[in-house]
Amino acid sequence: MRKVYLDNAATTYVSSEVMAEMLPCFNTIYGNSSSIHSFGREASSIVDRARDRVAHAINANKSNEIYFTSGGTEADNWAIKGIAHAYASKGKHIIVSSIEHHAVLDACKQLEDEGFEITYLPVDKYGIVNIADILHAIKKTTILISIMTVNNEVGTIQNIKAIAKTAHEYGIIFHTDAVQAIGAVKIDVQDMEIDAMSMSAHKIYGPKGVGALYLKNGIQIEPLIIGGNQERAKRGGTTNVPAIAGFGKAIEIAVRDLSINQQKLKVVREYFVTMVKERIPYIQVNGHPHQKISGIVNISFEMIEGESILMLLDLEGVAVSTASACTSNALEPSHVLKAMGIEDELAQGAIRFSFGKNISKSDIDYVLEVLEKAVSKLRSISPITKAGRR
Ligand SMILES: *Cc1c(COP(=O)(O)O)cnc(C)c1O
C-alpha cells in the first residue's frame with residue numbers, strides 16, 4: 001500500500017546527513033564528554049561543535065548561551081519554571097498566550113499551585129496575539145512573557161520582535177517556544193531581542209529526545225535537573241553526545257535549506273488547499289491567511305469528526321493528525337482552535353496536515369483522492385446534516 005506521511009509537525013524522519021553525523025558517536029567516539037582523558041576530550045569537541053552550530057543557526061552572540069536538553073518539552077519547562085524561580089523575589093506574575101504547547105501551559109499550571117499568577121492571553125480568530133492585550137496584562141510584578149513563535153496546530157506566526165520589544169520596555173524577560181519555527185522562519189535571537197528560546201531536534205529531521213534552551217547571558221535561571229556539573233552546571237546528566245551531534249547537524253541543514261524548503265512547501269500548500277476547496281464542500285481553513293508557515297495546514301470538515309477522518313486516511317496509508325499528537329487520545333476540542341473562537345463542532349472536525357521536505361505532487365494527489373472519498377463516506381453516514389445544522 002502507498003504510504004504518505006503528513007504528520008511532520010509531530011515528528012520527522014532523521015535525514016541521512018544527520019544519521020551520518022551521529023553514527024560514529026555510538027561506538028567510535030563514545031567517551032563521556034565530561035571525562036578529562038582523550039576519549040572524553042574527543043566527545044567534548046563533538047559537543048562543542050554542535051553547540052557552535054546551534055548558536056550560529058539562531059545568531060546567538062556566544063555559543064555558551066546554548067544549553068542542551070532532552071527536547072522542547074524540557075526546554076519549555078525549564079525556561080518557565082527556572083526563570084520564574086530565579087526572579088520570584090522581583091514578582092510572581094507571568095504572561096503567556098492561551099495557544100501555547102502544553103509544555104508551557106502545564107508548567108504555568110504548576111507555578112499557579114506554587115502561588116504564581118498567570119495571565120493567559122487571548123488570540124484573534126487567526127491565532128495572533130495582540131500587543132494591546134499584552135500591554136493591558138502587564139503589571140509591576142510581571143517577570144516573564146512567553147509566546148510561541150509558530151503554533152504547532154495551525155502554523156500561525158506571531159510578531160515576536162514587537163512582543164519582545166514590548167516586554168523589554170517594561171524590564172520583563174521574554175521567552176519563546178521556537179520548536180516549530182526553526183527551519184520555517186528566520187530566527188535571529190539578537191535582532192528579535194529574544195532572551196530565552198526553546199528548540200527541539202526531531203521536528204527538523206534530527207533525533208528524538210534532544211533539544212536546547214537558548215539563554216542570553218545575564219538572564220538568571222534555576223536548574224530543573226540537578227546532579228552533575230554538565231551544561232555549565234545548569235543541567236545535570238551525562239551529555240547525550242550522539243543526539244547532540246545530530247541536533248547540531250540538523251539545525252545547520254534546516255537553516256541552510258530554509259528558503260528552498262519553504263518555497264517548495266508554499267507551492268505544495270497552495271496546490272493542496274486549492275484542490276481541497278475545489279473538491280470538498282463545507283470546509284474551513286483555520287489559521288492566518290498569510291502570517292503562517294507553509295508546512296502546516298489545518299482544515300475543519302463540517303458535519304464529521306476529525307478522528308474518523310484520521311482513521312479512514314490511516315487505512316489508506318495516509319498519516320495526519322487531529323489537534324496535537326499529545327491530546328489525540330482525548331476527545332475534547334483543541335485548546336488552540338477554541339482560543340481562536342472556532343465553535344466546538346468545527347474544532348472536532350479539524351485535521352492538521354503537516355508536510356515534510358520530501359513530499360511530492362503525486363503524494364498530494366493520492367492524499368486528495370483518499371481524503372475526498374473519506375469525507376464523502378463519513379458525511380453520507382453522519383447524523384449531522386447541513387440542513388439540520390442551520
Ligand atoms: C513538539 C513541540 C514541543 C515539544 O518538543 P519535544 O522535543 O517533543 O519535547 C514543544 N513545543 C512545540 C511548539 C512543539 O511543536
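Biologist: Let's start with D7; where does D7 lie?
Modeller: This is a predicted model, and in it D7 lies in the loop between β1, which covers 4–5, and α1, which covers 16–22.

Biologist: Is D7 buried or exposed?
Modeller: D7 counts as buried because its relative accessible area is 11%, and the cut-off for buried is under 20%.

Biologist: And what does D7 touch, leaving out residues up to four places away in sequence?
Modeller: With those left out, D7 touches A319, V320, S321, R352 and S354. With R352 there is also a polar contact of 3.2 Å, which joins the two side chains.

Biologist: How many bridges join β9 to β10?
Modeller: Four bridges join β9 to β10, which spans residues 296–301, and the two strands run antiparallel. If you want a pair to look for, Q284 stands opposite S300 in β10.

Biologist: Now the sheet with seven strands; what is the strand order there?
Modeller: The order is β2-β8-β7-β6-β5-β3-β4, and this sheet is open too, with mixed pairing. At its edges are β2 (66–69) and β4 (117–121), each of which pairs on one side only, and the twist averages 20° from one strand to the next.

Biologist: How does β2 run relative to β8, parallel or antiparallel?
Modeller: They run antiparallel, and four bridges join β2 to β8, which covers residues 211–215. Within β8, A212 is the bridge partner of F68.

Biologist: Which strands does helix α4 lie across?
Modeller: Helix α4 (residues 72–86) lies across β2, β3, β5, β6, β7 and β8, and it runs at about 160° to β7. Helix α5, residues 102–113, also packs on the sheet, where it touches β3, β4 and β5, and its direction makes about 150° with that of β4.

Biologist: Changing topic, which residues touch the most other members of the largest nonpolar core?
Modeller: They are I58, I66, I145, I182, M197, M199 and F247, out of the 70 residues in that core. The element that gives the most to this core is helix α9 (residues 241–256), with nine residues. A second, separate core has 32 residues, including V273, V276, I283 and I309.

Biologist: Why would those residues gather like that?
Modeller: As a general point, nonpolar side chains tend to be buried together in soluble globular proteins.

Biologist: Take M197, then; where is M197 found, and is it buried or exposed?
Modeller: M197 is found in strand β7, and it counts as buried because its relative accessibility is 0%. Leaving aside neighbours within four places in sequence, M197 is in contact with several residues, among them I58, H175, I182, V189 and Y214.

Biologist: How many residues apart are M197 and I58 along the chain?
Modeller: They are 139 residues apart along the chain, while their C-alpha atoms are separated by 9.8 Å. I58 also touches I66, I182, M199 and I251, among others, when residues up to four places away in sequence are not counted.

Biologist: What about the ligand; which residues come nearest?
Modeller: Of the 13 residues around the ligand, T73, D177, S200, H202 and K203 come nearest. A polar side-chain atom of T73 lies 2.6 Å from an oxygen atom of the ligand, and a polar side-chain atom of Q180 lies 2.7 Å from an oxygen atom of the ligand. For G72 the atom concerned is a backbone N or O, which lies 2.8 Å from an oxygen atom of the ligand.

Biologist: One last thing, which residues other than glycine have a positive phi?
Modeller: E193 is one of them, with phi near 60°, and A233 is another, with a phi of about 65°. E193 is found in the loop between β6 and β7, whereas the place of A233 is in helix α8 (residues 230–233).

Biologist: Why look at those at all?
Modeller: Most residues other than glycine have a negative phi.

Methods:
Residues are numbered from 1 along each chain as its sequence is written. This is a predicted model: local features need pLDDT of at least 70, side-chain atom pairs count only at pLDDT 80 or more; totals for chains, interfaces and linings use all residues. Side-chain values use heavy atoms; hydrogens and water are left out. A nonpolar core is a set of buried Ala, Val, Leu, Ile, Met, Phe, Trp, Tyr and Cys residues joined through side-chain atoms within 4.5 Å. Buried means under 20% relative accessible area, exposed over 50%, partly exposed in between (1.4 Å probe, protein chains only). Contact means heavy atoms within 4.5 Å. Two strands pair if DSSP finds at least two bridges between them. Axes are lines fitted to C-alpha atoms, for helices over the stretch in contact, and angles run from 0 to 180 degrees between N-to-C directions. A residue is near a molecule or strand if one of its heavy atoms lies within 4 Å of it. A polar contact is a pair of N or O atoms within 3.5 Å; within protein, one must be able to donate a hydrogen and the other to accept it, and residues adjacent in sequence count only if both atoms are side-chain atoms.
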